Amino acid sequence: MGSLKEIDNRIKSTKKMKQITKAMNMVSSSKLRRAEKNTKQFRPYMEKMQDAITAVAGANSSSNHPMLKARDVKRSGYLIITSDKGLAGAYSTNVLKRLVNDIKAKHNDSSEYSIIVLGQQGVDFFNNRGYEIESSLVDLPDQPSFKSVQAIAKHAIDLYSEENIDELTIYYSHYVSVLENKPTTKQVLPLSQEDSSQGHGQMSSYEFEPDKESILSVILPQYVESLIYGTILDAKASEHASRMTAMKNASDNATELIDDLSLEYNRARQAAITQQITEIVGGSAALE
């Protein structure tokens, strides 16, 4: 048991820490609401893009566009989404571990894969372990715009188009609810048959000019960029939810610690008072 002064200092410092974590919880809660709103607002655009892909690619099964054709995989591309900051629980750790485990299981050396990293946590993780990073993007806004991620999305698509990689898979944390996020993988290139046929078919009666191959060469890269951007929005919502949950848990733990320290303080104070009374009584008895 520490001295009264030491216990009192610990109580004060824990209360200050609780104020910080509570404030961070409220900030993350506000950011999460905005992230959820951004994700919902982006869905109608993706649905229209899927309608266009279905109308053009779905009716043109003989298309030879490289984004629709699977090829022998000699080199894989991985785009992993992590956070720039910590204090978000296992948000980044879970997807990083999953990617590393998959790399070890599928590849013999670094010539068989390329890694594109979003977030400082991921950059530090791979640099500290000697992995080569193809490209990276850090300091991403809490509410990213399409323009802020378009360059790295285009770079990933160019790697595939130029046959520097033969497939592109995204590793990220999927937002399920405030209390749950799920490490997830999503293959975006080559586009699967499901990707090119999941629209609602509302544009099937349209005639397209110029030819459909020319249209595909324009809208397919835009569609993949949109897939990547939509995934980033999803991951950002998951990040804010993870940080909000982590800060709430930290605040709850601080409350428990303050209660325990207060009990310890009261016991120490009571013991000190008892000791003083005993000394007074003992001194009084000695004088009689």
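**Enclosed space, contacts and backbone**

By the rule used here, the count comes to one cavity of 30 Å³ or more, where a cavity is a set of points, on a 1 Å grid over the protein atoms alone, at which a 1.4 Å probe fits but cannot get out. The structure is a predicted model, in which local features need pLDDT of at least 70 and side-chain atom pairs count only at pLDDT 80 or more, while totals for chains, interfaces and linings use all residues. Residues are numbered from 1 along each chain as its sequence is written, and side-chain values use heavy atoms, with hydrogens and water left out.

The largest cavity has a volume of about 40 Å³, a volume being the space filled by probe spheres set on the grid points, which are joined across faces, edges and corners. Its lining, made of residues with an atom within 4 Å of a point, consists of Ile81, Thr82, Ser83, Asp84, Leu118, Gly119, Leu137, Leu140, Lys236 and Glu239. These residues divide into four nonpolar, three polar and three charged, where Ala, Val, Leu, Ile, Met, Phe, Trp, Tyr, Cys and Pro count as nonpolar, Asp, Glu, Lys and Arg as charged, and the others, Gly among them, as polar.

Open space is treated separately, a pocket being an open set of points with protein on both sides within 12 Å along at least five of seven lines. About 220 Å³ of space lies in the second largest pocket. Of the 14 residues that line this pocket, Lys31, Lys85, Asp142, Glu239 and Arg243 are the closest to its centre. Helix H1 (4-58) and helix H5 are the elements that give two or more residues to the lining, helices (H or I, at least four residues) and strands (E, at least two) being DSSP runs numbered from the N terminus. The lining of the second largest pocket divides into three nonpolar, three polar and eight charged residues.

How are Glu239 and Arg243 placed in the helix that holds them? Both lie in helix H5, four residues apart, about one turn of the helix, and their side chains meet in a salt bridge at 3.1 Å, N to O, the term standing for a side-chain nitrogen of Lys or Arg within 4 Å of a carboxyl oxygen of Asp or Glu. Glu239 and Arg243 are both buried (buried means under 20% relative accessible area, exposed over 50%, and partly exposed in between, with a 1.4 Å probe and protein chains only). Together with Lys236, these two residues are linked in a network of salt bridges.

In total, the count comes to seven salt bridges. One of them joins Asp166 to Arg71, with the closest N and O atoms 2.9 Å apart, and this pair links distant parts of the chain, since Asp166 is in the loop between helix H4 (146-161) and strand S4 (167-177) while Arg71 is in the loop between H1 and strand S1 (76-81), 95 residues away. Asp166 is buried, at a relative accessible area of 8%, whereas Arg71 counts as partly exposed at 22% relative accessibility. Another salt bridge is formed by Asp252 and Lys248, with the closest N and O atoms 3.1 Å apart; these residues are four apart in helix H5 and so separated by about one helical turn. Asp252 counts as partly exposed because its relative accessibility is 33%, and Lys248 is partly exposed at 47%.

The chain as a whole comes to five helices and five strands, which follow the pattern α-β-α-β-α-β-α-β-β-α along the sequence. Buried residues make up 41% of its 288 residues. Ile20, which lies in helix H1, is 230 residues from Ala250 in sequence but 9.8 Å from Ala250 in space, C-alpha to C-alpha.

Some backbone details remain to be noted. Most residues other than glycine have a negative phi, and most peptide bonds are trans. A cis peptide bond, with omega about -5 degrees, joins Leu189 and Pro190, and Pro190 is found in the loop between strand S5 (180-189) and H5. Leu87, in the loop between S1 and helix H2 (91-106), has a positive phi near 60 degrees and is exposed, with a relative accessible area of 54%. Asp139, in the loop between strand S3 (135-137) and H4, has a positive phi near 55 degrees and is exposed at 65%.
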